[in-house]
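Open the structure in your viewer and keep the selection panel at hand. Each stop below tells you what to pick and what is there.

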Amino acid sequence: MPEPRWGWLIVLYLFLGGLSAGLFFVSALATYLQRGSGPAYPRLARVGALLAPWPLALGSALLVFDLGHWYRFYKLFVTFHWRSPMSIGAWLLAAFTGITLLSFWSWLPAATVGGWVRRLPRRLRFLRVLDAPWRETLRRPLAMLGFPVALGVGIYTGVLLGAVQARPFWNTNLVAQIFLFSAMSTGCALLILVLSLRRAGLEASEARLLFSLDIVLIVLEFFVVLPYLIHGALSPLAVREAIGLVMGGPFTVAFWVLFFTLGLLLPLVLELWEMRPVLLERQTFHPSRGLAAVSAVLVLFGGVVLRYVFVFAGQVSAFQ
Amino acid sequence: MRERLGIKGKPRWALAIDARKCINCKACIVACKAENGVPLGKFRNRINEEHGGSYPHLRASFEPEQCHHCASPSCVRVCPTGASYQRDDGLVLVHANDCIGCGYCIIACPYDARYFNPETRVVDKCTMCVHRVDAGREPACAETCPSRVRLFGDLHDGEGSLRHTLDSRRSQVKKEQTGNHPQLYYLL
């Protein structure tokens, strides 16, 4: 391509969309995990659900402003083209936005909603329905319903890139898996970051779940990224040349230093180090807020760089 | 061809290109821009240049290229709104009013044949001069070429010159491996 058509707006959208999917995924998981007869991680479920709609809202706005005519975005929703991943993705995003907003509402503290509703002017009194006591009962069904939709939002961006035969850097199903695991991992990381920055800090049980989850996701990401590279290097010439963009080509430093080392390897090491009392079963587990925050920031940074590399390198790659 | 396209009795427009005749005068580019009002800095067709060898044994080859009006166009497949479409006669076109300007088709085209039109803010491309073709004329690029590099015609017309040329001379298409079934035939 003479000049890349998709730029930073798309990079950030891919990151933010994945982030929302990851947040909802962790929140939905936490909604269902029980200890005894009660929920095991009520705070994770709540904070995750309260945060989930907003990165995507920002990302969708970026996406709309990247269009030639931003106001024509509605045209995505008057048709459905099942062979276009972007059409599928637009509908997934719409469904996911609805589910995350409902879930956000169902998790709002009663005192907050009560306060808002009491201050409503007379004309808007009908909005008192927002304070309906039954909204809490929506939490579990919404988590169940949103689970596959969140996974869909996490993976479709990778499918969208992978579905382009003209760009050998993208044209493999592994891109979808990399994006999915990265999305889930960044969701975990943002929760770690937010909770570790709160005055109360990260609870040991929460940290244990989030770190375990994130370690598993990062390891999964490794085991998709490495086959992606190996497979690419053993593919027909056009794919080998495309992989060359990160193996000595212009995206090598971004991929290996910024993404692979700083965004994947280092946070994995930090999180394993944090978890060593659990892994070695020696001492009691006291998560360090500083280390947790640093590893979370690194995971988020890696998520952005990953999308940067794929969006820009993919557009450069082509058949000769 | 007819079976693969699943069309009977209708024309299937295509171009054959005899690149060895090209002298790189760029008249086709100028004609295209004038005919279609293509914005400054944007092009619907181009001439790929290749130079090689070492003095005094040199070579230069020129190869015109534009939209291949593929039989399985990936740009049409990925379009989320249906703005990119293909007519029964094979021409790949864009409904400018339905295009949201997302750029997915620009990226999905293996031939980099599409561009973002900064004036209309939607995607634009070679239309094979559909307005001329529908009026029974050939595209501006084919008509203007002084060395008759381009041969425009109907693949379904057994008596036509395009069918005759492609039947009697060897030809190849570009980047067939992307599966788009391109219909820009380069004569060998």
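**Stop 1: a salt bridge within chain B**

Select Asp88(B) and Lys10(B): their side chains meet in a salt bridge, 2.9 Å from N to O. The term means a side-chain nitrogen of Lys or Arg within 4 Å of a carboxyl oxygen of Asp or Glu. Asp88(B) sits in the loop between β4 (84–86) and β5 (92–94), and Lys10(B) in the loop between α1 (2–5) and β1 (13–17), so the pair ties together parts of chain B that are 78 residues apart in sequence. Helices (H or I, at least four residues) and strands (E, at least two) are DSSP runs, numbered from the N terminus.

Asp88(B) is partly exposed at 47% relative accessible area. Lys10(B) is partly exposed too, at 39%. Buried means under 20%, exposed over 50%, and partly exposed in between (1.4 Å probe, protein chains only).

This is a predicted model: local features need pLDDT of at least 70, side-chain atom pairs count only at pLDDT 80 or more, and totals for chains, interfaces and linings use all residues. Residues are numbered from 1 along each chain as its sequence is written, chains are lettered from A and ligands numbered from 1 in the order in which they are written, and side-chain values use heavy atoms, leaving out hydrogens and water.

**Stop 2: across the chains**

Pick Arg167(A) and Asp112(B). Their side chains form a salt bridge at 2.9 Å, N to O. Arg167(A) is in the loop between α6 (139–162) and α7 (174–197) of chain A; Asp112(B) is in the loop between α4 (104–108) and β6 (115–117) of chain B. Buried or exposed, what is Arg167(A)? Arg167(A) is buried, with a relative accessible area of 0%. Asp112(B) is partly exposed at 23%.

Next, take Lys42(B) and Glu3(A), a salt bridge of 3.9 Å, N to O. This pair also crosses between chains: Lys42(B) lies in the loop between α2 (27–36) and β2 (45–54) of chain B, Glu3(A) in the segment before α1 (8–32) of chain A. Lys42(B) is buried at 17%.

**Stop 3: a helix in chain A**

Jump to Val257(A), in helix α10 (residues 252–274). Val257(A) is partly exposed at 41%. Leaving aside residues up to four places away in sequence, Val257(A) touches Thr252(A) and Leu262(A); contact means heavy atoms within 4.5 Å.

**Stop 4: chain B as a whole**

Zoom out. Chain B has seven helices and ten strands. Of its 188 residues, 56% count as buried.
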